[in-house]
Amino acid sequence: LANKAFTPSTLNVRPGTTVTWMNTDRDSHTTTSDVPGWNSGTISPGRQFQFTFQTSGTFPYHCSFHPGMTGPVVVAD
């Protein structure tokens with residue numbers, strides 16, 4: 001979470017992986033699943049949020065504060 005963008009823009013992981021989003025920006029952000037899944041709430045600068053992806057699939061998400069901040073997590077074996 002930096003410069004109002006998720007980096008990398010697409011994240012590829014295996015099932016069982018815990019993803020950590022770290023906010024290195026000056027603004028607060030969220031990581032919010034587009035479908036039922038997870039919602040970090042506000043991630044203040046310098047803070048982080050973790051979520052473990054148990055199942056395969058493509059999971060699009062966004063920042064609730066900045067609608068242009070989007071990205072998918074792709075979970076595959």
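In which sense do β5 and β6 pair, and over how many bridges? The two strands pair in the antiparallel sense, over six bridges; strands here are DSSP runs of E of at least two residues, numbered from the N terminus, and two of them pair if DSSP finds at least two bridges between them. The model is predicted, with local features needing pLDDT of at least 70 and side-chain atom pairs counting only at pLDDT 80 or more, while totals for chains, interfaces and linings use all residues. Residues are numbered from 1 along each chain as its sequence is written, and side-chain values use heavy atoms, leaving out hydrogens and water.

Strand β6 (residues 70-75) also has a parallel neighbour, β1 (residues 11-13), joined to it by three bridges. Valine 74 of β6 is the bridge partner of asparagine 12 and also of threonine 58.

Turning to the aromatic rings, the whole structure holds ten aromatic pairs, counted where ring centres of Phe, Tyr or Trp (its six-membered ring) lie within 6.5 Å. Tryptophan 38 and tyrosine 61 have ring centres 5.9 Å apart and planes at 55 degrees, so this pair is tilted, that is, neither stacked (under 30 degrees) nor edge-to-face (over 60). Tryptophan 38 lies in the loop between β3 (32-33) and β4 (48-53), and tyrosine 61 in strand β5 (residues 57-62), 23 residues apart. Tryptophan 38 is buried at 7% relative accessibility, as is tyrosine 61 at 2%. Phenylalanine 53 and phenylalanine 59 form another tilted pair, 5.5 Å centre to centre with 50 degrees between the planes, and both are buried.

Note on methods
Helix = DSSP H or I, 4+ residues; strand = E, 2+ residues; numbered from the N terminus. Buried < 20%, exposed > 50% of the residue type's maximum accessible area, 1.4 Å probe, protein only.
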